[in-house]
Structure formats: structure tokens, C-alpha cells
Amino acid sequence: MGKMVEVRWHGRGGQGAKTASQLLADAAFLDGKFVQSFPEYGPERSGAPITAYNRISDERCSIHSNIYDPDYVVVVDETLIGSVDVTAGLKEDGAIIVNTSMSPADVRPLLKGYKGKVCTIDAREISVRNLGAYFPNTPMLAAVVAVSGCVERNKFLSDMEESYRHKFAKKPQVVEGNLKCLREAMDEVRSDG
Amino acid sequence: MSIRDRLSGNEAIATAMRQINPDVFAMFPITPSTEIPQYFAQYVADGKVDTEFICVESEHSSMSACMGAEAAGCRAVTATSSAGLSFMNEVLYVAASSRLPIVLAVSCRALTGPININHDYSDSMAERDSGFIQLYGENNQEVYDNYLMAHRIAEHPDVRLPLMVCEDGFITSHAIENIEIEEDDKVKAFVGEYKPENYLLKEENPLAVGPYGVSNYYMEAHVAQAHAMMNAKKVILEVAADFEKTFGRKYGFFEEYRMEDAEIAMVIMGSSAGTAKAAVDELRESGVKAGLIKLRVFRPFPGEEIAQALKNCKAVAVMDKSEGFSACGGPLYAETCGACFNLETRPKMVDIVFGLGGRDFTVEAAKSVYDRLGKIAAGGEIGDIYTHMGQREK
């Protein structure tokens, strides 16, 4: 069995971290992988911290526990840093990807001495620039694909294009904006490692 | 050709329902089963099914509506969880004793209190004496496959009992994983049309359903119902054999995972079995003779078969994902011990209550269970036979 990639998402209820984890599963599935995408629910409240997970592997994974030692952590809402232990168990040869306008060097001191790679992406700016509104999911999805390499870039972009054309069949004008979000996020994600 | 897809457990069940196109779906929502009627409502709106979709005012009513529909000769389904299943309790017994083969999808969730939306089997285990057949699945694929087999088992003339297709709330119901979906026409051909021998308004032989059973008749009705549950064992295996021939995936009463020469074993259900399999694989690599029995059919309980599967083990842990408050072990332990009691030689057997209200069960936790079993098998003290796992001490 090839290496399994495990991803943990931190967001707030209503922001779409669960949806982003489902989109990542979709992208990996379309690339021929076995996938798991699952949320961890507490009380269902808009704005409360929520966690979602992905496992991506070449063979079906029978493990159905939560993920405690992820390869990658994605922080969809930077205000969670400090109140949620976002780097808990995160592997040092992995990376954390934070949605923020700050640089990786400025984020690192907030991460309790995490020694692995720190990446940042300004999902708000990219989303507003291309879609005219704040939808962090699409740029965060592209950032985690770029950083982890769990799906090959061109395959990812062409699969997502097909998926958007299907999903937004009645709103074709938003397809190009979403695709630009993906491409620009893949190019603009910054890392200090 | 089966279709490779990725679906949550809830969407897999809704997909099976769409393919089967039941006559009636009486729905009332409750987390985490709500998506099942939600997806199905879309199929109704899109004209993909011609099911009579009835939005009722409670679970007591949804099961009652299913009863009415089945009594009239229709194929009727619903879905629920937790308190919703409890609220059906009275009607479940009536449906079973009226011999109405309703298929009920249950996204298993803890019962209150404290109030909790996450997974354990306290809801479905509380209905173990209701007369429903109960099938459990490890993942979305097994839940889908169980659903495709459900109507044929329930409606078989030797059975005629309602059936619960149980999935783990959130862990399976809300997890998206790869799945092989079968083609609509092949599913329809496999499940077949429902042609009940008798029903309420059959012109040549009108039927009374649910009459008073005086003492002179009540016991005969119950013995007939008990025999139907015993007959279900044969039918479950027949349907599974045809399923394997048609779709290629094999099912029995339970899955024996690396049990050939196992000295220590777990008896476990649902998604936790998948996690425990990873522990078995690791232990086998270091030479530990560990195995696992994943129970698929809890009602009827395959006691003789489980006893045969466990008889050569030295130590067994029965993993109960519901408490039961008997003060001497959970329901799966009681059944498994009872099944093994008359064996000439039998393993030492402990009960571990775990995973209540969504408490996570990890590969490490499973390994710690095998570690304890290894010590018992080597001649160590059995210790407390009934313990809890994964809770904080203070």
C-alpha cells in the first residue's frame, strides 16, 4: 500500500470546512484514489469550531477513527489559532496551511513551536478578486492540493473544471471565476520551508 | 458493470431506495438520518421515483403510516435515529407481530441523556426484542448492499418480518467513501416486485390486521413469529448467496477476519470492526494470532455459528457499543456468552463497553484489547469480566 495522506481541517460551522474536505475527496476520487471525507460534529452551531478529515490512499482504508497525527492541517479561519490546538499531532515532515494575509514567518510564532512547513494563503483576497464575495473553500482546496501534491496539478484542474461545469450548469458565469481561484491559489500559496 | 462512485452512507441508502422505488416513504426527520428523506425528496421532485412521499408529524406516525401501507399490500420504507426510533417503539412491535415487512433505515445514534447526536447502538439495541430483523454494516458499501438484500429477506413468505438496516451515525452516515453502485435495472431485477399473498383490501380474501389476541390465541401468534425469525436465518443466507452470484460481494451472518488459527479474538460490530482489522493486521505481522468476528446479523442472532467460530479461541473480548445497564455486561456480550455456554470447551470471555455517544475508537485502543486478551490466553487472570473503555477516570 502506498503512503496514505491524512488531512485535518479546522473551520467554523457554516464556513464550509466540511464541504472543502468533500471537494478534496472528490478531486482525489477522480484521480483514482480511495478517499474518506468525514466531519466531527459537536453541538451544531453556526460559528463554533468544527473539524473535518480526509484520508487519501491507493487502497481502501478500513480505519474509521478520527485522525490524530495528520500529514497536513488546513486552517480555514485564522481566528481559531490560539483557541484550538491546530498543530496537535501534526507531522513535522508535513505542513500547516493557514488562510491569512500574514506571511508564513509571521504565523509561525503563533504555532506553539511547530517545526514543519508553514504555508499561508490569502483566500479572502483571492475569492473576492475572482468571485466578488468571500468563499474560502475553493482557494483552500487548491492550496492543500498544491502543498501536498496528493493530486497532480493538471489532472486536478481539468477534473475540477468538469465538476464546476456540471455543478454550475445553470450559472456558467461563475465557472471561470472558480477556476481562476484554483489556479491563482495554487500559484500564490506561500511557504517558509 | 457496477458504477464506481463516492457517497456517504446516507446517500448510499437513499440511492438504494431510489433504485428500488418503494410504493410509500413515510418520513419524519431526525439527525443523523435526516439526509435520507432529504435526498429522497429530491428524487421525488425530479420524477426519478413514483413513491408516495408522506411527511408525517412524528416517528410514531411514520411507522404507523408504513404499517397501513404494508397492510394494504404496498412496499413501505422509512428512516430514523435515536429518540425517533424510541418513539416508534410501540409501533415496531405491532408491525412485527402483524408480520408487515417494512424496511427501516437506522442511522444509529446514542439515546439521551445527556443529549448527544453521535454514534452508538443504544437506539437499535433497545429495539432488539421488537421482532425486527437487524442488519449492520461496516461502511457505506455494506450498508448499501444490506439495503439491496433487505426487502427480499423481509418479504420472503417464510419470514414476513420488518427489518432494520443499521449504519453508524455520522461515522458511516456522513462519511464519503468509495462505493460500487449497481445498475438500476439490475437492482430492480434482484429485488423484484412485491406481491404479498394477502393484504387488507384483497377482493377475494379481505384481511383483518391487528385484531385483539385473546389468551387462547396470543401465544400461537408469538410462536409463529418466533419461527419466522428462525426461518430468517435460512433466507438471509439464500439471499446473500444470490447477491454474491449477481453482484460478486460475499455476505454471511458475520465476517470472520483472520480467524483460521486465531487464539484471541474480538466480537464487534459496524465501523469499529474496520478500525480493529487494522490492529489485527499489525499484530499478525508480529506473530500474534489475533482475529475478529464482525457481526452483520444481530437479529436473528446466529448463536450456533458464532459458537463454532469462537470455540478454538483461548480468549475473546465482546465489544458492546451500548451500555444496557444490566450491571453485568452489554447485550452483545449476553448473547455471545449464551451462545457459547454449551460448547465442550469455550474461550474465556470478557465484555468491553466502548464508544458511547461518539467516543472515538482507535487502532491503538483495539491493540490494547488484544494485549489484554493475550495475557488472559497465556494463563493470566481474567480480571473484571465487564469493563468500560476510553472514558476519563475523573
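In which sense do strand β14 (residues 348–353) of chain B and β15(B) pair, and over how many bridges? The pairing is parallel and runs over 3 bridges. Two strands are taken as paired if DSSP finds at least two bridges between them.

## Model and confidence

This is a predicted model, in which local features need pLDDT of at least 70, side-chain atom pairs count only at pLDDT 80 or more, and totals for chains, interfaces and linings use all residues. Residues are numbered from 1 along each chain as its sequence is written, and chains are lettered from A and ligands numbered from 1 in the order in which they are written.

The predictor's confidence in each residue, pLDDT, runs from 0 to 100. Chain B has a mean pLDDT of 97, with 100% of its residues at 70 or more. Within chain B the lowest confidence falls in strand β1 (residues 3–7), with a mean of 96, and the highest in strand β6 (residues 133–136), at 99. For the complex, the predictor gives an ipTM of 0.94 and a pTM of 0.96.

## Overall form of chain B

Chain B contains 12 helices and 15 strands. These elements are DSSP runs numbered from the N terminus, helices being H or I of at least four residues and strands E of at least two. Along the principal axes, the C-alpha atoms of chain B fill a box of roughly 70 × 55 × 45 Å. A compact globule of 394 residues would have a radius of gyration near 21 Å, and chain B, at 21 Å, agrees with this. The radius is taken over C-alpha atoms, and the globule rule is 2.2 Å times the number of residues to the power 0.38.

Of the 394 residues in chain B, 54% are buried. A residue is buried if 20 or more other C-beta atoms lie within 10 Å of its own, exposed if 12 or fewer do, and partly exposed in between, with C-beta atoms placed from the backbone. Among contacts in chain B with a separation of 6 or more, 81% join residues 24 or more positions apart. Contact here requires that the C-beta atoms of two residues, placed from the backbone, lie within 7 Å.

## The six-stranded sheet

Chain B has an open sheet of 6 strands in the order β9-β11-β10-β13-β14-β15, with mixed pairing. The edges are β9 (254–257) and β15 (386–388) of chain B, each with a single partner strand, so one side of each lacks a neighbour in the sheet. From one strand to the next, the twist averages 20 degrees; axes are lines fitted to C-alpha atoms, for helices over the stretch in contact, and angles run from 0 to 180 degrees between N-to-C directions.

## Helix α11

Helix α11 (residues 331–340) of chain B has 7 of its 10 residues buried, so it is largely enclosed by the rest of the structure. The buried residues are Pro331(B), Leu332(B), Tyr333(B), Glu335(B), Thr336(B), Ala339(B) and Cys340(B). They pack against α5 (122–125), β10 (264–269), α10 (303–310), β13 (315–320) and β14 of chain B.

## Contact between chains A and B

The contact takes 17 residues from chain A and 19 residues from chain B. On the chain A side, α1 (17–30) and β2 (34–40) each supply at least two residues, and β2(A) gives the most, with 6 residues. By class, this side has 8 nonpolar, 7 polar and 2 charged residues. Ala, Val, Leu, Ile, Met, Phe, Trp, Tyr, Cys and Pro count as nonpolar, Asp, Glu, Lys and Arg as charged, and the others, Gly among them, as polar.

Strand pairing also crosses between the chains: β2(A) and strand β8 (residues 176–181) of chain B pair in the antiparallel sense over 2 bridges. Gln36(A) stands opposite Glu177(B) in β8(B).

## Backbone exceptions

Most residues other than glycine have a negative phi, and most peptide bonds are trans. A cis peptide bond joins Thr112(B) and Gly113(B), with omega about 15 degrees; Gly113(B) is in the loop between β5 (103–108) and α5 of chain B. Another cis bond joins Arg299(B) and Pro300(B), with omega about 0 degrees, and Pro300(B) lies in the loop between β12 (297–299) and α10 of chain B.

Phe170(B), not a glycine, has a positive phi of about 60 degrees. Phe170(B) lies in the loop between β7 (163–168) and β8 of chain B and is buried, with 25 other C-beta atoms within 10 Å. Phe325(B) also has a positive phi, about 55 degrees, and is found in the loop between β13 and α11 of chain B. Phe325(B) counts as exposed, with 7 C-beta neighbours inside 10 Å.
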